[in-house]
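User: I am new to this structure and want to learn how to read it. Could you take me through it feature by feature?

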Amino acid sequence: MQVPPFSLGEQLGQLGDALDSAVLAVLHSGQYIGGSVVQGFEQAFAGACAVPHAIGCNSGTDALILALRALGIGPGDEVITASFSFFATAEAISAVGATPVFVDVNASSYLIDLDAIEALITPATRALLPVHLFGRPVDMERITAIAAAHGLLVIEDCAQAAGAHWAGRPVGSWGDAGCFSFFPTKNLGGAGDGGAVICHDPALAQRVRELAVHGMPRRYLHTSLGYNSRLDALQAAVLATKLPHLNGWLDRRRAIAARYQAALADLPGLHLADGGPDGHSWNQFVVRIAACPQGAAACAGSCCPAADSANHGLPESCCRDWFQQQLQASGVLTIIYYPIPIHRQPAYASLGYAPGSLPVTERLCAEVLSLPIFPELSQLQQDTVIAAVRQLAPRMAAASIAA
Ligand SMILES: *Cc1c(COP(=O)(O)O)cnc(C)c1O
């Protein structure tokens with residue numbers, strides 16, 4: 001049995017005629033940009049996030065750029081964020097001319113290390129940009145307290161966490177702005193690219209809206225240099241049809257995660273994150289495969305056949321990589337989010353972060369592996385994943401101990 005890392009087509013069956021008719025209605029309406037379908041989705045999404053305003057845009061990356069720009073963040077400003085994230089988190093900060101300042105992550109939540117933020121605040125710091133990575137909500141009470149104490153803005157990267165909540169309040173509704181992606185593999189995925197900014201402040205919402213359409217508050221009057229970044233009506237139709245199912249899908253993700261937690265907790269050589277808060281939306285289920293204690297250079301096991309000396313100065317990942325290959329051989333396909341931390345990407349060489357500067361982030365990048373998790377993952381597929389991992393884990397531990 002093959003178990004894919006995600007399976008996007010399967011949701012369509014559940015949506016049936018509702019999706020077909022919503023999409024066809026847009027096609028036949030001739031209203032492809034803007035219009036009532038986009039507005040309807042924006043209102044529904046704002047409601048689901050418990051905020052008054054949601055503005056659709058082209059992608060999660062654009063949502064971050066638009067929010068940063070609309071909040072006045074630009075050249076000379078520093079924004080504190082996590083390096084253990086998708087590249088776009090930092091790329092958006094750089095795109096508006098500001099500088100990302102990277103904090104390490106907590107070794108058990110994999111989220112921004114709340115205790116390490118304040119040491120990085122300088123007179124140039126304008127904002128905190130926490131990432132609800134893998135769908136797990138950051139402690140937004142702590143983030144907002146730190147921001148308030150230092151007069152900083154808060155922009156939430158909610159790309160992986162649609163529907164997640166912290167202390168009963170939806171992610172994205174805590175900060176000055178929340179930024180979402182509707183990339184197909186996210187919790188709420190379109191049939192292509194899409195994103196949204198949510199906020200409480202009507203003036204901010206208006207600035208985001210104008211920036212998304214060429215800085216144009218009314219037709220052919222341009223008051224700022226903006227972007228062309230809109231949510232297509234076809235995508236809005238898909239998303240509006242899916243939105244009422246989001247919470248049910250998140251329940252499925254939570255149930256699968258609980259099952260994995262229970263079935264894999266006792267394995268040597270395999271490390272699981274703690275279960276996290278109730279509001280975790282489990283966009284990913286991440287396990288860690290600890291590297292051989294003696295290191296790749298000394299390992300004679302099958303996991304590290306030839307030590308890779310050109311590992312960009314990062315911790316060795318051969319044990320994790322071997323584990324992934326073995327899983328693949330038994331039909332379980334996995335993805336590594338993310339093999340290289342943002343601060344060690346060639347594109348950010350100019351920021352000068354040396355190897356070892358964010359040790360937890362760097363170790364996680366060498367050890368993490370995301371097991372298949374999506375709402376439609378069948379009982380049989382879950383069994384296959386659990387059996388494959390359970391069968392491999394003792395071999396891992398044996399390889400570690402033998403050397
Ligand atoms: C997916 C993602 C983004 C970017 O979203 P796109 O819609 O692909 O542009 C930003 N941040 C994180 C954490 C993401 O996972």
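**Reading the loops, the ligand and the spaces**

Analyst: Start with a loop residue: Y338 sits in the loop between α9 (318-329) and α10 (359-367). Helices (H or I, at least four residues) and strands (E, at least two) are DSSP runs, numbered from the N terminus. The model is predicted, so local features need pLDDT of at least 70 and side-chain atom pairs pLDDT 80 or more, while totals for chains, interfaces and linings use all residues. Residues are numbered from 1 along each chain as its sequence is written, and side-chain values use heavy atoms, without hydrogens and water.

User: Where does an oxygen atom of the ligand lie relative to a polar side-chain atom of S181?

Analyst: Look for polar contacts, pairs of N or O atoms within 3.5 Å. A backbone N or O atom of G60 is 2.7 Å from a ligand oxygen. For Q160, a side-chain N or O atom is 2.8 Å from an oxygen of the ligand. For S181, a polar side-chain atom lies 2.6 Å from a ligand oxygen. The ligand taken alone exposes 380 Å², and the protein buries 92% of that. Those areas come from the Shrake-Rupley method with a 1.4 Å probe.

User: What space does the ligand take?

Analyst: Rolling a probe the size of a water molecule over the atoms shows where empty space is left. On a 1 Å grid over the protein atoms alone, a cavity is where a 1.4 Å probe fits but cannot get out; a pocket is an open set with protein on both sides within 12 Å along at least five of seven lines; lining residues have an atom within 4 Å of a point. The ligand takes the space of the largest pocket. That pocket holds about 390 Å³. Its lining has 22 residues, with F86, Q160, F183, K186 and Y338 closest to the centre. α3 gives the most to this lining, three residues.

User: How many cavities of 30 Å³ or more are there?

Analyst: Two. The largest cavity holds about 220 Å³. It is lined by 24 residues, and F6, L8, T185, R253 and F374 lie nearest its centre. That lining divides into 12 nonpolar, eight polar and four charged residues.

Definitions and conventions. A polar contact is a pair of N or O atoms within 3.5 Å; within protein, one must be able to donate a hydrogen and the other to accept it, and residues adjacent in sequence count only if both atoms are side-chain atoms. A molecule sits in a cavity or pocket if more than half of its atoms lie within 2 Å of its grid points. Grid points are joined across faces, edges and corners, and a volume is the space filled by probe spheres set on the points. Ala, Val, Leu, Ile, Met, Phe, Trp, Tyr, Cys and Pro count as nonpolar, Asp, Glu, Lys and Arg as charged, and the others, Gly among them, as polar.
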